[in-house]
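Try each task before reading its solution.

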Amino acid sequence: MGVNYSHLLIAKDNDFRPEQSQITALIEAWIESGFIIPPEMLSEKERLWSHTGARIVTKPSLIDPPIPSEAPKPRPGMWAKVFPFLTGERPRPRVDRFPPRPFSIPPVGESLAALLEPVVYIDWKPNGRATYLFQTSTFKDQNGARITAYPLRITLTDDFQNPPLDGYADEPLRHINGRCGCGANLEYWEYEFIRRICPQCGAAFRPQDQVAETKDVGGSKIAITGGACHRFSIDIRCEKDAPIAVTGPSGEDVFDSNGQLMISDPKVSVAFMAKSAEALGIELQEIGVWY
Ligand SMILES: [Zn+2]
């Protein structure tokens, strides 16, 4: 089991990618239920990140194009002779070729059009004033506090993302194999991305015809039809703070008969699942990804 954790809500139909209107409805439902803070209620400090609280990144492909080769260095001239430190290797400024842009809420204009790009990520920073997304929680820290908010991301892609469910499993686990019926290999970047349409025979890839394996927090193997293969996800990015503690109705710790804190696979709240599925008009499933 990996150290980092992402909790995905994906469509039961792995091939699903929402229309612009469905994303608009989803964001509206999240605001109504307090899962995200609407732009007009953000503090000055929160607005510094993005005036709406959300940012968008779009890319032409799941794989970043190669970085163009470095331009030849100018010969050291007079200034280098005067200031010898100028001849030393200086770090080149990092160029972000797909910089985040503010995302309008509700999505209009450029933000709405961007939802049709081949690869789209919409990000919200964690906000402690937003409604907690899970029914499980993190363990209390030394001050008795738990994590109450996580970064939230919506991902839309033309091709499939196929993350391994348990990147550091103690035994080999089955993953979705991106081979077309005609024999063509549709995978790229190992098997983490799979072409949606076979360039050789034109067939659409169907993750639903396969089963991927993972392990629950108790170590038992479980099979998931279609794995985490998706073109759309709601991604709650827990990183090192996976909410695996079982929590009682008043937020208290729950112990088993041996006096051990009870753990469970993370689970989103009933309200978050229901409101998200209703807004999109589809069935969702929740899948944990350890990496
Ligand atoms: Zn094919």
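The exercises below concern a predicted model, and each is followed by a worked solution.

**Exercise 1.** Determine how helix α1 and helix α5 are oriented towards each other, and list the residues that make their contact.

*Solution.* Two packed helices are described by the angle between their axes and the distance between the axes. The axes of α1 (residues 20-32) and α5 (residues 270-280) come within 8 Å and cross at roughly 150°. Since angles over 145 degrees count as roughly antiparallel, α1 and α5 are therefore roughly antiparallel to each other. In this crossing, which is right-handed, α1 passes α5; on the side of α1 the contact is made by Gln-22, Ala-25, Leu-26, Glu-28 and Ala-29, and on the side of α5 by Lys-275, Ser-276, Glu-278, Ala-279 and Leu-280.

**Exercise 2.** Identify the buried residues of α5 and decide how they are placed around its axis.

*Solution.* The buried residues of α5 are Phe-272, Ser-276, Ala-279 and Leu-280. They cover an arc of only 95° around the axis, so they lie on the same side of α5. What covers these buried residues includes α1 together with the strands β1 (5-11), β10 (230-239) and β11 (284-290).

**Exercise 3.** Is Glu-28 buried, exposed or partly exposed, and which residues does Glu-28 touch beyond four places away in sequence?

*Solution.* Glu-28 is located in helix α1. Because Glu-28 has 14 C-beta neighbours inside 10 Å, it counts as partly exposed. Leaving aside residues up to four places away in sequence, Glu-28 touches Pro-106 and Ala-279.

Terms used: Residues are numbered from 1 along each chain as its sequence is written. This is a predicted model: local features need pLDDT of at least 70, side-chain atom pairs count only at pLDDT 80 or more; totals for chains, interfaces and linings use all residues. Axes are lines fitted to C-alpha atoms, for helices over the stretch in contact, and angles run from 0 to 180 degrees between N-to-C directions. Helices (H or I, at least four residues) and strands (E, at least two) are DSSP runs, numbered from the N terminus. Angles under 35 degrees count as roughly parallel, over 145 as roughly antiparallel, 65 to 115 as roughly perpendicular and the rest as oblique. A crossing is left-handed if the near helix is turned anticlockwise from the far one by less than a right angle, and right-handed if clockwise. Two residues are in contact if their C-beta atoms, placed from the backbone, lie within 7 Å. A residue is buried if 20 or more other C-beta atoms lie within 10 Å of its own, exposed if 12 or fewer, and partly exposed in between; C-beta atoms are placed from the backbone. The arc is that of the directions from the helix axis to the C-beta atoms.
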